[in-house]
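Here are some notes for a colleague who is opening this entry without having seen it before. They are numbered so that each can be checked against the structure.

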Protein chains: 2
Amino acid sequence: MKEFRVKIEVKLKPVVLDPQGKTVLQALKNLGYDEVGDARIGKLIELTVNDGSTEKVKERVDEMCKKLLSNPVIENFEVNIEEQNA
Amino acid sequence: MKEFRVKIEVKLKPVVLDPQGKTVLQALKNLGYDEVGDARIGKLIELTVNDGSTEKVKERVDEMCKKLLSNPVIENFEVNIEEQNA
């Protein structure tokens, strides 16, 4: 059994409006950061997973994302897996 | 003037309790994903910035993080800057 650190980025699909991002963008502009053109907000999920192989982890984490961690209708997700050295 | 894509990861400091992460962990376990040992939730902020150089962008974005995008008392942030090709 190995330990893996899994990083999942969940982002709104590009066609989906992001009101939270728009609010952050406006706040940045109000603070004088006029160089910022766009802002979008997503989620970052970090898991520690104990399993046999990277392939197995990838398969199971994809499933978790579809079932619980993301909303596939409006969000995309990206999974990054790193094996931890003991 | 160049265009940069900036990715900011805002995470709770390791010593700070993460109730949202604990809830996600419990939900994963209830769904049968017993291999998951820990879960922590952070924010992912993506900005498009128009500025002169990577150094300048880095400096300004660090400032934005401290002022608005993160809570330095309980959160750490990590900035990643990529220049866009025209």
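1. A polar contact, as the term is used here, is a pair of N or O atoms within 3.5 Å; within protein, one of the two must be able to donate a hydrogen and the other to accept it, and residues adjacent in sequence count only if both atoms are side-chain atoms. By this rule, 22 residue pairs are in polar contact across the interface of chain A and chain B, with both residues at pLDDT 80 or more. The model is predicted, and the points below should be read with that in mind.

2. How much area do chain A and chain B bury between them? The figure is about 2900 Å², and 57% of it lies on carbon and sulfur atoms. On the side of chain A, the residues A:Tyr33, A:Glu35 and A:Leu44 supply 23% of the area buried against chain B, more than any other three residues. In terms of contacts, 32 residues of chain A touch 32 residues of chain B.

3. Salt bridges also cross between the chains: the count between chain A and chain B is six. One of them joins A:Lys7 to B:Glu9, with 3.0 Å between the closest N and O atoms. Side chains of opposite charge can pair when their charged atoms come close.

4. Which elements of chain A give two or more residues to the side that touches chain B? They are strand E1 (2-12), helix H1 (19-30), strand E2 (36-51) and helix H2 (54-69). The largest share, 16 residues, comes from E2(A). Sorted by class, this side of chain A has 15 nonpolar, five polar and twelve charged residues.

5. The two E2 strands meet directly. E2(A) pairs with strand E2 (residues 36-51) of chain B in the antiparallel sense, over 13 bridges. Within this pairing, A:Val49 is opposite B:Val36, and A:Ile45 is opposite B:Ile41.

6. What is the order of the strands in the sheet? Six strands make up an open sheet with antiparallel pairing, in the order E3(A)-E1(A)-E2(A)-E2(B)-E1(B)-E3(B). The edges are strand E3 (75-83) of chain A and strand E3 (75-83) of chain B, each of which pairs on one side only. On average, neighbouring strands of the sheet are turned by 25° against each other, direction ignored.

7. Within chain A, E1(A) and E2(A) run antiparallel and are joined by nine bridges. A:Val10 stands opposite A:Lys43 of E2(A) in this pairing. H2(A) packs on the sheet, where it touches E1, E2 and E3 of chain A as well as E2 of chain B. The direction of H2(A) makes about 150° with that of E3(A).

8. Within chain B, strand E1 (residues 2-12) pairs with E2(B) over nine bridges in the antiparallel sense. Here B:Lys2 has B:Asp51 as its bridge partner, and B:Glu3 is opposite B:Asn50. E1(B) also pairs with E3(B), again antiparallel and over nine bridges; B:Arg5 and B:Glu82 are bridge partners there.

9. Helix H1 (residues 19-30) of chain B lies across E2 of chain A together with E2 of chain B. The helix runs at about 125° to E2(B).

10. Over all chains, the whole structure has 16 salt bridges. Among them is one formed by the side chains of A:Lys58 and A:Asp62, at 3.1 Å from N to O. Why are A:Lys58 and A:Asp62 separated by about one helical turn? Because they are four residues apart in helix H2 of chain A, the separation comes to about one turn.

11. Where is A:Val16 placed, and what does this residue contact? A:Val16 lies in the loop between E1 and H1 of chain A. Leaving aside neighbours within four places in sequence, A:Val16 is in contact with A:Arg40 and A:Ile74. A:Val16 and A:Ile74 are 58 residues apart along the chain, and their C-alpha atoms are separated by 6.6 Å.

Methods. Residues numbered from 1 in each chain as written. Chains lettered and ligands numbered in written order. Predicted model: local features only at pLDDT ≥ 70, side-chain atom pairs only at ≥ 80, totals over all residues. Heavy atoms only, no water. Contact = heavy atoms within 4.5 Å. Buried area = accessible area lost by both parts, 1.4 Å probe. Salt bridge = Lys/Arg side-chain N within 4 Å of Asp/Glu carboxyl O. Nonpolar A, V, L, I, M, F, W, Y, C, P; charged D, E, K, R; others polar. Pairing = 2+ DSSP bridges. Axes fitted to C-alpha atoms, helices over the stretch in contact; angles between N-to-C directions.
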